Amino acid sequence: DVADLPGVPEWLPDHLREDGIEELYPPQGEAVEAGVTEGQNLVAAIPTASGKTLVAELAMLSSVARGGKALYIVPLRALASEKQAEFEQFEQYGLDVGVSTGNYESEGGWLADKDIVVATSEKVDSLVRNDAPWIEELTCVVSDEVHLVDDGQRGPTLEVTLAKLRRLNPDLQTVALSATIGNADELAGWLDAELVDSDWRPIELQKGVHYGQALHLEDGQQKRLAVKNNEKATAAVVRDTLQDDYDDDGNLEEEGGSSLVFVNSRRNAEAAAGRLASTVRPHLTGEERERLADVAAEIRDVSDTETSDDLADAVADGAAFHHAGLARGHRELVEDAFRDRLVKVVCATPTLAAGVNTPSRRVVVRDWRRYDGTAGGMQPLSVLEVHQMMGRAGRPGLDPYGEAVLVANSHDELDELFERYVWADPEPVRSKLAAEPALRTHILATVSSGFARSREGLLEFLEQTLYASQTDESGRLENVTDDVLTYLERNGFLEIEAGELDATSLGHTVSRLYLDPMSAAEIIDGLEHWQRHAGDADSGTDERDAAEGGFTTASELASERAEASGDADPDEISALGLYHLVSRTPDMYQLYLRSGDREEFEMELYEREDELLGPTPSEFEDSRFEDWLSALKTARLLEDWAEEVDEETITERYGVGPGDIRGKVETAQWLLGAAESLANEVDADVARAISEARIRVEHGVREELVELAGVRGVGRKRARRLFEAGIADRAELRDAAKPVVLAALRGRRKTAENVLENAGHRDPSMEGVEPDPDVEVDTA
Ligand code: ADP
């Protein structure tokens, strides 16, 4: 009973009852018995949608009630705002909730007054590196989706961050929430935690496989589910789910419901949504169609792209797709419409399974293999992933039970899918820390922020990671650590003397900037190279190549530069060169070269090689040359964006979604900001040029619009229209004639008022103002 919870604030039981929670779910009860409200460490491995969030809240609220401060670590930025919104319900009881996203390099001082802070593991890592003082005041940390320590990209950060937090504050309560996995006990061992390992669910889940004309369920039941001629099995399942069920007397037994379809790529998600729209449309009521038309219009307003149009078309028919290439506004509109039961089917990629908090009657896992470049070809998804997707089936209180189905195309496949997924247990999670790129970053940070001052101290710290607790390969961690130390020393990030480790000034900067040391080395090399050669741009490649090589550390490069520079002209550094420089670092996720791209970008390369900062690798160095071209493609996208090429053209030209443009732009902004700091660190006289390139890419505008585009509510397109109407900067906007502003903003009064207000106008009202007819606005 919620009245019997030890250690929680006294208002909590009433608050929970208002939310319809009278009793804890069994795994929640186990967590309380294990002491989660009394400061005890806990690993809770529980299925999706079985109330993990409340376990976290019980831990955090009781910790705060004892005068403490809690941190909730999320794996994705998109989840941070979702969780923040959830925890803000406690603000009415005087708690303060803050979310920390965005800038990696700030120390987030304002978070010191918050009771609960939500942040990604990368952000927490960076706060620790920047010595945010309040980190030491934490009394409770919750790690959501902790099974992602298994992820090669981001797992090591979570692992190291938890180890650091626990080291900074030995009394810290650690609560780790996990999907059901094969080795939750190992996680509990690592974190000195009690374990709640349960597969209880608030609503029954039936897993199964569709094959032929039937749904084969795990309890042995076979339900007839006919596939019409010319219809795909997925469409048949979605159609069946939409139908109302009647009993033998013709009474409505169960109202039709929605489906979530998981596919293996963005393109497939879009194609499937397009096809399923025709399945859904006949089932919509007139009122639903009207409301969907409104949602579709809002989607078109988010951006002017083909993706946006395709999404709006599908949504108008009650279907949608959902993947990381969508703009955030798109995703939110889709999720809301699905929760409101307006959109009846969402086709999603598995990467977003964690993000879509949208239970549905049925889940269809249509593709169970996915293309994997490193492993070569199509690879089966893990049981853990498939079970996570399946766990989205069944809406408590609405459905009698949830059904999650895979789709088989042959009898053999039916058997295989039962073996592989329906009856299988999820895999154990394994630490990925011992990979060199992960250790390169984390070892520098660990030394730089003083967690370890010697090789022995470093190894002792690494002993506290999950990796150390799992490995039986003694010596491996030590060997990789030594390789990484050598790399860091050779590149001037660390000094090693008689076993003592010290970060150099450059090393400290790189760690605080949250850069991969290899990115920093690449940026410094590029800037140095430019500085040395800016004066002799005409002298051809031979001489340039001859000057290459020989300098191994940043400081050697710096002194070499000091001798050689002299005639460098900082105004000439090209934006494309800078975009290329940051695009070739390991911190930028480069665009792929599609077939045909190679030739196109080789041509580009020969035309614009002089602008690039550093020598082009030889074509015989296959993979380096390929990387160089991919970076050029990425850089060209950024350049197009900063040249005001419209979004639609960019998405077509580079084969990306609008969300990808945002992603690249944000990464470039961060890396150019870092490059600015590094330029100062090595005395390269280019910081101003970098700053300009950064601001242009941030707003996606040419030089002359930088100021206008920076006014809130303006953006790149409106800035251009205002400029064409004769308004050049913020001051001119503030003093401009209202009819001109209104016309430039295509007669949109609300927008015009907003913009004027943000520009500092005293009386932004547009009442009675008519657009100036002499202002010509391109309405394309
Ligand atoms: P998870 O975080 O495990 O995916 P959630 O915490 O989102 O799951 O819980 C799913 C739903 O169950 C939420 O709507 C939540 O309000 C509800 N819920 C959680 N605990 C209880 C409970 N003890 N009784 C009734 N409903 C609950």
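Me: How many residues surround the ligand?
Reply: This is a predicted model. The closest residues to the ligand are Glu-23, Gln-28, Ala-49, Lys-52 and Thr-53. Counting everything that surrounds the ligand gives 13 residues.

Me: What percentage of the ligand's area does the protein bury?
Reply: Tyr-25 has a side-chain N or O atom 3.0 Å from a nitrogen atom of the ligand. An oxygen atom of the ligand lies 2.9 Å from a side-chain N or O atom of Thr-53, and a backbone N or O atom of Ser-50 is 3.2 Å from a ligand oxygen. Taken alone, the ligand exposes 570 Å². Of that, the protein buries 68%.

Me: Why does the end-to-end distance of helix α12 agree with its number of residues?
Reply: Helix α12 covers residues 328-339, which makes 12 residues. At 1.5 Å a residue, the helix should span 16 Å. The distance agrees because the end C-alpha atoms are apart by 16 Å.

Me: Which elements cover the buried residues of α12?
Reply: The buried residues of α12 are His-330, Arg-331, Leu-333, Val-334, Glu-335, Ala-337 and Phe-338. Their cover includes the helices α4, α10 and α11. It also includes the strands β13, β14 and β15.

Me: Which residue just after α12 takes a positive phi?
Reply: The phi is about 65 degrees. It belongs to Arg-341.

Note on methods. Residues are numbered from 1 along each chain as its sequence is written. This is a predicted model: local features need pLDDT of at least 70, side-chain atom pairs count only at pLDDT 80 or more; totals for chains, interfaces and linings use all residues. Side-chain values use heavy atoms; hydrogens and water are left out. Helices (H or I, at least four residues) and strands (E, at least two) are DSSP runs, numbered from the N terminus. The expected span of a helix is 1.5 Å times one less than its number of residues. Buried means under 20% relative accessible area, exposed over 50%, partly exposed in between (1.4 Å probe, protein chains only). Contact means heavy atoms within 4.5 Å. A residue is near a molecule or strand if one of its heavy atoms lies within 4 Å of it. A polar contact is a pair of N or O atoms within 3.5 Å; within protein, one must be able to donate a hydrogen and the other to accept it, and residues adjacent in sequence count only if both atoms are side-chain atoms. Accessible areas come from the Shrake-Rupley method with a 1.4 Å probe; for residues, only the protein chains shown count as cover.
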